[in-house]
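Here is a short report for a reader who is new to this structure. Look over the sequence and the model before reading on.

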Amino acid sequence: ASMDQIAGPYYIRLMLVDKPGVIADIAACLRDQDVSVESMIQRSRNPGDVVPVVLTTHEANEKSIQRALQAIEMLQSVLEKPRMIRIEDI
């Protein structure tokens with residue numbers, strides 16, 4: 001199936017610099033592609049440290065997820081390519 005036909009929730013892992021405004025930038029990238037966040041986990045560290053952020057989305061079109069991740073990857077505070085896994089209902 002094409003990415004336009006695949007929809008569902010997604011798991012996303014990001015490696016970010018912990019500083020003010022980074023989560024807002026991530027949220028804006030997701031918002032711009034009509035992707036809604038279901039949950040997010042960020043373990044606290046010292047400001048300026050690299051921190052993993054894990055989030056899950058509500059059901060979204062995979063093409064929208066891919067576009068959002070491309071925009072997120074371009075942010076200066078994102079240090080690694082975002083990782084995404086489709087969450088399947090079994």
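Buried means under 20% relative accessible area, exposed means over 50%, and partly exposed lies in between (1.4 Å probe, protein chains only). This is a predicted model: local features need pLDDT of at least 70, side-chain atom pairs count only at pLDDT 80 or more, and totals for chains, interfaces and linings use all residues. Residues are numbered from 1 along each chain as its sequence is written, and side-chain values use heavy atoms, with hydrogens and water left out.

| Residue | Relative accessibility | Class |
|---|---|---|
| Serine 64 | 18% | buried |
| Serine 77 | 9% | buried |
| Aspartate 34 | 72% | exposed |

Helices (H or I, at least four residues) and strands (E, at least two) are DSSP runs, numbered from the N terminus. Aspartate 34 lies in the loop between α1 and β3 (37–42). Its phi is near 60 degrees, a positive value in a residue other than glycine.

Serine 64 belongs to helix α2 (residues 62–73). Contact means heavy atoms within 4.5 Å. Leaving out residues up to four places away in sequence, serine 64 touches Gln33 and Val35.

Serine 77 sits in the loop between α2 and β6 (83–86). Serine 77 and methionine 40 are 37 residues apart in sequence and 17 Å apart in space, C-alpha to C-alpha.

Now the helix pair. The axes of helix α1 (residues 22–32) and α2 come within 8 Å and cross at roughly 150 degrees. Axes are lines fitted to C-alpha atoms, for helices over the stretch in contact, and angles run from 0 to 180 degrees between N-to-C directions. The crossing angle makes α1 roughly antiparallel to α2, a term for angles over 145 degrees. Ile26, Cys29 and Leu30 of α1 meet Ala68, Ala71 and Ile72 of α2.

Finally, the core. A nonpolar core is a set of buried Ala, Val, Leu, Ile, Met, Phe, Trp, Tyr and Cys residues joined through side-chain atoms within 4.5 Å. The largest has 19 residues, of which Leu14, Leu16, Ile26, Leu30, Ile65 and Ile72 touch the most other members. Two or more residues come from each of β2 (10–17), α1, β4 (50–57) and α2. Isoleucine 26 touches Leu14, Leu16, Ile72, Leu75 and Val78, not counting residues up to four places away in sequence.

Note on methods
Parallel < 35°, antiparallel > 145°, perpendicular 65-115°, else oblique.
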